[in-house]
Amino acid sequence: MVARDVADWRRLATRTIMSGGDGDAKRRATIQKARPRAGEPRRVLVTGGAGFVGSHLVDALLARGDHVLVLDNFFTGSHRNIERHLREDAPKGRFEVIRHDVVEPFLVEIDEVYHLACPASPIHYKFNPVKTIKTNVVGTLNALGLAKRCKAKFLLTSTSEVYGDPLEHPQKESYWGNVNPIGERACYDEGKRCAETLAFDYHREHGLDIRVARIFNTYGPRMAMDDGRVVSNFVAQALEGKPMTIYGDGTQTRSFQYVSDLVAGLMALMDNDVGFIGPVNLGNPGEFTMLELAEKVRAVVDPEAKIVFCENTADDPSRRKPDISLAREKLGWEPTVKLEDGLRMMVDDFRERIEERAAR
Ligand SMILES: NC(=O)c1ccc[n+]([C@@H]2O[C@H](COP(=O)([O-])OP(=O)(O)OC[C@H]3O[C@@H](n4cnc5c(N)ncnc54)[C@H](O)[C@@H]3O)[C@@H](O)[C@H]2O)c1
């Protein structure tokens, strides 16, 4: 009886302990390997789980019965995105939040890691470029180290930015990219490229079960309204009666994936049982110019909304469109939400938040 109590106590203690670093041998000695526990839900860590994509992923994981731990430093994430899971009617005992920076080592007992922590919008990742690189490199090393210790599966959310300003259209996973290594975006682009390298080296060297997703532009409810990304910019501007700003002449193209499609793709990648690790493009191959996007936002929000043109930002790729044949073939995945439908759902959310803000 006593032995069982001690084992239970240890198990609980080691699940939530924060590591003092790799050299902390005393603590390491108490760590137990993650393993399937009969009757217990899968324990899934989502770094960056309070952010836009992460919070939708958390919803889906909780809905299918997983135990979810969010680890986030709340740089761009928000409590509003996840707080309902902490309320009375929440999935009791299956949701935990840890305020922590992935650049510092951390230790929890888990079966799977979805590693999302990293600011994704240019405004945020350029705010402190050195920190962005640390997050991508040191943060990913910490997350990989944790997965290795726990023998957990590890999924990295990489980005279409690894293709830089691509010379191939559409971009296939076999394309190595055209990135300016010393440009303003390099902290993110090269950071993610290095994160991919680290994931594959952990796989080759340590046999870690990894997955790498290259995400293309994603939009939807809960995007930060001030993140400078084109869809959130247009929607917020149109709703607030301001002109929609187009950087450049508006002929550059992007593809826009609705967030629920992305979440389905990430989970299909993590769960596939054919050992497919990627990298794999997850995006919507529909290609729109910025002007076409502005027209669609006008149609949903305000047909009278105005458009203004501004000088383009440095290293802005002129075209970006995913080739998703690999995801179709290996995961049986493809996006299903049309841009018009996704925009409507996003507009409802933005409208609610703008009204909430006005009422404060
Ligand atoms: N949204 C997209 O269009 C898109 C496209 C390509 C790749 N991605 C990738 O998907 C992931 C999520 O993107 P998102 O759009 O949800 O961005 P987001 O900025 O909304 O979310 C990122 C989350 O990570 C947290 N975070 C940032 N730095 C951290 C750190 N050092 N320690 C702990 N937490 C930290 C933030 O607080 C936030 O909650 C990112 O890795 C991003 O690179 C997103």
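**Conventions.** Angles under 35 degrees count as roughly parallel, over 145 as roughly antiparallel, 65 to 115 as roughly perpendicular, and the rest as oblique. This is a predicted model, in which local features need pLDDT of at least 70 and side-chain atom pairs count only at pLDDT 80 or more, while totals for chains, interfaces and linings use all residues. Residues are numbered from 1 along each chain as its sequence is written.

**View A. Helix 7 and helix 11.** The axes of helix 7 and helix 11 (lines fitted to C-alpha atoms, for helices over the stretch in contact, with angles from 0 to 180 degrees between N-to-C directions) come within 10 Å and cross at roughly 55 degrees. Helix 7 and helix 11 are therefore oblique to each other. Helices (H or I, at least four residues) and strands (E, at least two) are DSSP runs, numbered from the N terminus. The crossing of this pair is right-handed; a crossing is left-handed if the near helix is turned anticlockwise from the far one by less than a right angle, and right-handed if clockwise. Helix 7 contributes Val235, Ala236 and Leu239 to the contact, and helix 11 contributes Met346, Val347, Phe350, Arg351 and Ile354. Two residues are in contact if their C-beta atoms, placed from the backbone, lie within 7 Å. The contact of helix 7 with helix 11 has seven nonpolar, no polar and one charged residues. Ala, Val, Leu, Ile, Met, Phe, Trp, Tyr, Cys and Pro count as nonpolar, Asp, Glu, Lys and Arg as charged, and the others, Gly among them, as polar.

**View B. Helix 7 and helix 9.** Helix 7 (residues 230-239) and helix 9 (residues 290-301) have axes that come within 10 Å and cross at roughly 40 degrees. The two are therefore oblique to each other, and helix 7 passes helix 9 in a right-handed crossing. On helix 7 the contact residues are Val230, Phe234, Val235, Ala238 and Leu239; on helix 9 they are Met290, Leu293, Ala294, Val297, Arg298 and Val301. Ten of these residues are nonpolar, none is polar and one is charged.

**View C. Helix 9 and helix 11.** The axes of helix 9 and helix 11 (residues 339-359) come within 10 Å, crossing at roughly 55 degrees. Helix 9 passes helix 11 in a right-handed crossing. Lys296, Val297, Val300 and Val301 of helix 9 meet Leu339, Glu340, Leu343, Arg344 and Val347 of helix 11. By class, the contact of helix 9 with helix 11 holds six nonpolar, no polar and three charged residues.

**View D. The shell around the ligand.** Of the 28 residues around the ligand, those that come nearest are Gly48, Gly51, Thr76, Gly77 and Ala120. Helix 3 (52-63), helix 5 (129-150) and strand 5 (153-159) are the elements that give two or more residues to this shell. Helix 3 gives the most, with three residues. The shell has 13 nonpolar, 13 polar and two charged residues. A residue is near a molecule or strand if its C-beta atom, placed from the backbone, lies within 6 Å of it.

**View E. Backbone details in loops.** The peptide bond from His169 to Pro170 is cis, with omega near -15 degrees; Pro170 is in the loop between strand 5 and helix 6 (186-206). A cis peptide bond also runs from Gly278 to Pro279, with omega near 5 degrees, and Pro279 lies in the loop between helix 8 (259-271) and strand 11 (280-282). Phe74, a residue other than glycine, has a positive phi near 60 degrees.
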